[in-house]
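Welcome! Take a moment to look over the sequence and the 3D picture, and then we will walk through some parts together.

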Amino acid sequence: MSNQIYNARHHTLILLKDFLGFLQQGFPFNQDPMPSDEQSFVDQLQHLITDMENQAPQAAFNGQDWLNRLFRNFPTLAPHLGREVLWYFGGDALHFMPDEEIAKFQLLEDALHEGGEDFDYMATKIAIFSK
């Protein structure tokens, strides 16, 4: 089986789209009409996804803003979002990660840069995070 080269932006997009799907299945995000704060939150996430798909330069800042809003307004939803999203956007988002987790993501990123063509992201991630 050949390994595909890991693409952090693509992986983050998948995680954000999965999270959007998760949101839309649960109350109050599945209501029609949706409460205004929740609708605004979903709209912001959809805009972020579009920015990332278009490789818009403001996507990084919009991602940090959206993550701050997630942890501030909807903290019970945060555990359902892949942690790689916080690492990808960095900045203020790293305040929501413990130091040990940041250190593990740094090890994973270092391994990614040193790994070359045959680097297996998932196997390396499992090895680092299972310690």
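In helix H6, which covers residues 121–129, the buried residues are Tyr121, Lys125 and Ile128. They span an arc of only 70° around the axis, so they sit on the same side of H6. Here is a handy rule behind that: an α-helix has 3.6 residues a turn, so residues three or four places apart point the same way. Please keep in mind that this model is predicted.

What covers these buried residues? The cover includes helix H4 (84–89) and helix H5 (99–115). Have a look at the start of H6 too, where a side-chain oxygen of aspartate 120 comes to within 3.3 Å of the backbone nitrogen of methionine 122.

## How H5 and H6 meet

Now follow H5 as it passes H6 in a right-handed crossing. The two axes, those of H5 and H6, come within 10 Å and cross at roughly 145°.

Which residues meet here? From H5 come Glu101, Lys104, Phe105, Leu107, Leu108 and Ala111, and from H6 come Tyr121, Thr124, Lys125, Ile128 and Phe129.

Start with phenylalanine 19, which lies in helix H1 (residues 8–25). Is phenylalanine 19 buried or exposed? Its relative accessible area is 1%, and buried means under 20%, so phenylalanine 19 is buried. Setting aside residues up to four places away in sequence, phenylalanine 19 touches Leu45, Trp66, Leu70, Leu77, His80 and Leu81.

Next, find asparagine 68 in helix H3 (residues 59–73). Its relative accessibility is 18%, so asparagine 68 also counts as buried, the cut-off being under 20%. Apart from its neighbours within four places in sequence, asparagine 68 is in contact with Asp92 and Phe96.

## Stepping back to the whole chain

How many helices and strands does the protein chain have? The count is six helices and zero strands, giving the pattern α-α-α-α-α-α when you read along the sequence. The C-alpha trace of the protein chain spans about 50 × 30 × 30 Å along its principal axes.

Of the 131 residues in the protein chain, 37% count as buried. Among contacts in the chain with a separation of 6 or more, 54% come from residues 24 or more positions apart.

Technical notes:
Residues are numbered from 1 along each chain as its sequence is written. This is a predicted model: local features need pLDDT of at least 70, side-chain atom pairs count only at pLDDT 80 or more; totals for chains, interfaces and linings use all residues. Side-chain values use heavy atoms; hydrogens and water are left out. Buried means under 20% relative accessible area, exposed over 50%, partly exposed in between (1.4 Å probe, protein chains only). Helices (H or I, at least four residues) and strands (E, at least two) are DSSP runs, numbered from the N terminus. The arc is that of the directions from the helix axis to the C-beta atoms. Contact means heavy atoms within 4.5 Å. A polar contact is a pair of N or O atoms within 3.5 Å; within protein, one must be able to donate a hydrogen and the other to accept it, and residues adjacent in sequence count only if both atoms are side-chain atoms. Axes are lines fitted to C-alpha atoms, for helices over the stretch in contact, and angles run from 0 to 180 degrees between N-to-C directions. A crossing is left-handed if the near helix is turned anticlockwise from the far one by less than a right angle, and right-handed if clockwise.
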